[in-house]
Amino acid sequence: MGRYLAQRLVYGVLTFLLIASFTFFLMDLLPGSPFQNQEKLSPEQLDILRDKYNLNDPLPQRYAAYMVNLVQGDLGVSFKYDSRPVTDLIMERIGPSAQLGVQALVLGVLLGLVLGVVAALRHNTAVDYGAMFISVLGISVPSFVFASLLQYYIGVKWGVLPVAFWESPAHTILPTVSLSLGVTASIARFVRTEMLEVTGQDYVTLAKAKGLDGQSITWKHMVRNALIPAITILGPMTAALITGTFVIEKIFAVPGLGELFVSSITQNDYTVIMGTTLFFSAVFIFMILLVDILYGVVDPRIRLGGSK
Amino acid sequence: MAEQNSNAKAEQFDSSLFQPVEFNEQAGERIAGKSLNFWQDAWTRLRKNKAAILSLVIIVIIALLSLFGPMLSGRDAYTQTITQAKLPPKITGLEWAGFDGMATLGEKPIDFYETKQVKDTFWFGTDHLGRDLWSRIWEGTRISLFIGLVAAIIDVLVGVTYGGISAYYGGRVDNIMQRIAEILTGIPNLILIILFILILEPGITTIILAMTITGWIGMSRLVRGQILKLKNQEFVLAARTLGASSARLVFKHLIPNTLGTIIISLMFTIPGAIFFEAFLSFIGLGLAPPQPSLGTLINEGYKELKTFPYLLVIPSTILVLVMISFNMLADGLRDAFDPRLRR
Amino acid sequence: METILSVRDLTVAFHTYAGTVQAVRGVSFDLKKGETLAIVGESGSGKSVTSKAIMRLIPNPPGEITKGEIMFEGRDLVKLSDKEMQKVRGRDIAMIFQDPMTSLNPTMTIFKQIAEGLKRHQGLTGDAAKKRTLELLTLVGIPNPEARLKQYPHQLSGGMRQRIVIAIALACNPKVLIADEPTTALDVTIQAQILELLKDIQQKTGTAIIFITHDLGVVANMADRVAVMYAGKLIEKGTVDEIFYEPRHPYTWGLLGSMPRPSDDRSQDLPAIPGTPPNLLHPPVGDAFAPRNQYAMKIDFEKEPPFFPITDTHEAATWLLHPQAPYVEPPAAIRDLALKYRPDSTFAKSLLKGGLK
């Protein structure tokens with residue numbers, strides 16, 4: 001287990017460095033310049049500006065400098081936002097995004113679990129079909145469509161909840177619900193499939209043969225074994241949440257990282273694009289690693305080694 | 001141990017009944033019921049899945065409309081007529097269902113056709129530049145479907161080749177190829193896609209390319225897993241023992257047995273690609289105007305949401321319908337191809 | 001001896017998308033206190049479904065007990081509510097499954113899996129449960145039981161796991177133990193150990209055993225009485241000696257004939273029963289075995305044979321036993337067995353005289 005973990009960790013770091021190099025060279029290929037859209041600048045002024053951000057240095061030298069800074073946790077300064085350090089910008093924005101992401105994950109996982117377990121227990125009944133219809137809907141309706149409709153009906157038309165901005169807990173409800181829809185749907189589908197898989201297992205029949213009641217069989221024998229594989233989708237789930245925050249934060253005007261990323265793209269703010277990209281990648285890589293570890297903790301077959 | 005039903009001894013029968021019957025060894029070997037091949041069997045099962053068949057019908061209808069829809073209204077998707085801008089949908093005979101040309105401005109509903117003195121009716125209304133939304137939506141649907149289909153096919157081609165080679169050769173080749181794939185999956189694909197779109201000119205080709213850069217990995221995993229499983233199964237070993245060539249093994253045994261998996265995955269990839277296109281267009285990284293896609297239409301509609309919700313609702317409905325249909329059909333296909341997974 | 005479990009006309013159907021499969025078609029038998037009854041048959045004959053039906057473990061849907069009764073201690077198990085049935089399972093009637101690799105919960109410790117039943121039926125918890133669990137582990141011959149309590153199934157070998165499954169079944173001293181092919185998935189040496197263990201346990205606890213198997217060698221070793229099953233029906237019932245040395249049903253002849261013996265002449269093919277069992281989606285009219293039966297008569301294709309009693313303990317469902325039926329010569333292997341090992345039996349004598357009835 002320890003060796004395996006170390007190996008995963010090395011892979012994670014390697015992947016991260018690779019992404020960093022890759023994005024750096026991609027940035028260099030970007031058409032347009034961060035200064036283009038500002039007031040009309042003379043070539044001399046532009047040169048001074050480029051010099052200020054070391055953009056006139058040869059590529060290898062800039063790459064080396066960037067990587068050295070990166071290792072020290074320095075992501076450079078923004079070309080916009082008055083040359084503020086990118087790390088500061090990220091730190092400023094991380095709060096709302098993290099809150100939104102965690103809230104949506106918790107809500108989505110809990111709801112999805114309940115839906116999936118109930119659907120499997122009531123297999124081939126109206127409850128099952130209903131739950132599965134909701135989950136197909138959740139997978140098929142893009143979060144931005146769902147968010148737009150929620151915003152229009154609940155926020156604008158009925159005025160029940162705030163339409164946008166990030167001020168009070170009430171402001172977080174609509175974005176959280178919008179973002180969690182996909183999570184709920186995916187988890188429900190996955191858990192249901194796993195539960196049905198487990199239902200046919202011999203150890204469940206044995207549990208029945210022991211004379212246990214339905215509750216004990218469901219919770220002690222089925223749910224636990226069905227949930228272990230469900231941990232694996234938490235990795236892709238994080239990726240989906242990051243994707244989701246881009247549009248959800250835009251729609252609800254949440255001052256988060258996704259919003260920062262999207263606006264930095266439209267403004268060609270290289271360093272901010274790179275910084276946020278690397279930050280998202282790090283979160284993603286970390287989640288994949290965490291899933292691996294969690295899997296080991298929960299499944300005794302892996303935790304204790306030995307044959308599967 | 002004598003039981004109630006065992007006192008039939010006294011009963012007498014016609015003695016001809018006790019004549020021996022000539023024994024026919026083959027008779028016992030007869031297999032009851034006609035046998036179906038893999039595809040027939042899958043089709044029989046798919047046909048019984050009402051949701052999947054309904055989805056297939058919806059997909060066909062939407063695809064046909066996306067090809068011929070603009071012709072039905074007789075209007076072009078690009079012609080701008082500012083005097084006819086922002087007309088809500090109006091269909092004669094369907095006024096009761098909301099297609100009445102009315103929109104609420106401030107507090108009171110107004111018939112826009114009346115105020116703008118337009119005699120024609122626009123089934124899905126017009127957008128902010130007076131373009132016919134019906135034609136734009138089907139034009140956009142066609143582009144979205146095209147992007148989804150092409151991206152999915154490229155994913156399949158690359159994925160099958162990569163996964164197939166990796167699994168078939170195994171050993172070091174497999175090891176190296178899998179390490180590469182592993183690192184690629186460690187990258188959040190959305191960010192990669194966005195970066196690619198930033199460097200290349202925005203357009204259909206760019207979007208397709210960007211999506212397929214990491215899109216094939218899932219497919220290659222599936223194919224590799226399937227082939228690894230098949231490779232060690234008895235029927236492949238038997239074929240090999242009988243001297244079948246590599247090509248014969250691949251084309252006669254491995255690919256046909258992987259086809260089900262590939263088709264299912266293809267059907268799940270299409271809605272995924274359509275979603276991604278819409279998503280990119282929504283955050284402003286999609287197609288350049290005036291070209292419509294479901295994503296750009298939704299994006300434009302979102303801006304007018306408060307007064308003209310139809311601009312968002314209609315393209316969203318089509319998008320959701322397409323997504324649901326593909327997902328349900330893919331579910332149905334999975335059940336049909338792999339009865340073991342039947343749920 | 002006292003009858004403890006009595007099955008009458010048990011009928012089980014599975015509703016599949018292709019149609020209704022009649023897996024068990026009117027099975028009747030009695031189980032007596034402390035005896036071992038073997039139910040023998042090829043795969044798909046319905047023996048496993050029968051055993052699961054007794055425990056009411058047929059998944060519904062698609063399965064359903066459509067007819068019959070299962071009398072146990074004056075109650076019909078078929079009519080019990082789910083709650084009442086839960087109290088019977090594990091306490092009065094327990095079951096051992098075929099594959100020890102899959103019948104234990106991979107994420108639960110051995111102790112918990114055994115103690116669950118103890119808690120449920122006897123209210124044993126804490127130290128009492130631990131003490132009883134250790135007792136059980138010792139009873140089923142697990143070395144170093146204390147160390148096993150906290151282990152998970154994957155840390156044990158197949159044979160050890162089957163011992164655990166047996167310990168779970170024995171936890172509450174059941175009156176009836178159903179063993180559904182308990183040794184099929186095990187190595188031959190381990191098989192013998194597990195069979196010995198079951199015999200040993202039966203002697204110590206006096207539980208009655210229903211032993212489901214397709215292995216006649218195991219039957220000879222374990223059973224007091226045997227019931228032969230074919231296409232969802234019992235076709236011959238008798239003591240183990242009667243079935244092995246005085247079989248009357250052509251299917252039993254086929255089964256015994258296809259059993260290899262060390263004394264066999266190796267140059268000759270092992271006789272097999274030609275053909276395949278009938279499709280129970282459309283059960284045949286008459287005797288289900290008729291198409292594969294080289295002794296078949298016209299009546300076999302038209303009327304289902306009733307059970308014809310041979311002795312107090314032996315009966316078979318074949319028209320060959322009807323007074324009007326012609327005399328048929330059993331296969332040489334059956335004849336040889338009877339004459340060699342039971343020369344004094346009525347069966348052997350009638351074989352010599354050339355008349356089977």
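## Contact between chain A and chain B

In this predicted model, 36 residues of chain A are in contact with 31 residues of chain B (contact: C-beta atoms, placed from the backbone, within 7 Å). On the chain A side, at least two residues each come from α1 (2-29), α5, α6 (143-157), α7, α10 (234-251), α11 (257-266) and α12 (270-298). Helices (H or I, at least four residues) and strands (E, at least two) are DSSP runs, numbered from the N terminus.

The chain A residues that touch chain B divide into 26 nonpolar, nine polar and one charged. Here Ala, Val, Leu, Ile, Met, Phe, Trp, Tyr, Cys and Pro count as nonpolar, Asp, Glu, Lys and Arg as charged, and the others, Gly among them, as polar.

## Basis of the model

Residues are numbered from 1 along each chain as its sequence is written, and chains are lettered from A and ligands numbered from 1 in the order in which they are written. Because the model is predicted, local features need pLDDT of at least 70 and side-chain atom pairs count only at pLDDT 80 or more, while totals for chains, interfaces and linings use all residues.

## Chain A overall

Chain A has 13 helices and zero strands. Its C-alpha atoms fill a box of roughly 85 × 55 × 30 Å along the principal axes. Of its 308 residues, 43% count as buried (20 or more other C-beta atoms within 10 Å of the residue's own, with C-beta atoms placed from the backbone; exposed is 12 or fewer, partly exposed in between). Among contacts in chain A between residues at least 6 apart in sequence, 73% join residues at least 24 apart.

## UniProt annotation of chain A

An unreviewed UniProt entry lists "domain: ABC transmembrane type-1" at residues 94-295 of chain A. UniProt positions are given in the numbering used here, feature names are shortened, and annotations may be inferred rather than shown by experiment. In the model, residues 94-295 of chain A are 83% helix and 0% strand, and the end C-alpha atoms of the span lie 27 Å apart.

The unreviewed entry also places "transmembrane region" at several spans of chain A, including 9-27 and 100-121. Residues 9-27 of chain A are 100% helix, with end C-alpha atoms 27 Å apart. Residues 100-121 of chain A are likewise 100% helix, and their end C-alpha atoms lie 31 Å apart.

## Helices α5 and α7 of chain A

Helix α5 (residues 126-140) of chain A packs on helix α7 (residues 169-199) of chain A at about 130 degrees, with axes 8 Å apart. That angle makes α5(A) oblique to α7(A). Axes are lines fitted to C-alpha atoms, for helices over the stretch in contact, and angles run from 0 to 180 degrees between N-to-C directions; under 35 degrees is roughly parallel, over 145 roughly antiparallel, 65 to 115 roughly perpendicular, and the rest oblique.

From α5(A), A:A131, A:S135, A:G138 and A:I139 meet residues of α7(A), among them A:L181, A:G182 and A:R189. The residues of this contact divide into five nonpolar, five polar and one charged.

Chain B has twelve helices and two strands. Of its 343 residues, 42% count as buried.

Helix α5 (residues 133-169) of chain B and helix α10 (residues 246-282) of chain B pack at about 140 degrees, with axes 8 Å apart. This makes α5(B) oblique to α10(B). Residues of α5(B), including B:S144, B:D155 and B:Y168, meet residues of α10(B), including B:V250, B:T269 and B:E277. The contact of α5(B) with α10(B) has 14 nonpolar, three polar and two charged residues.

Note on methods
Two residues are in contact if their C-beta atoms, placed from the backbone, lie within 7 Å.
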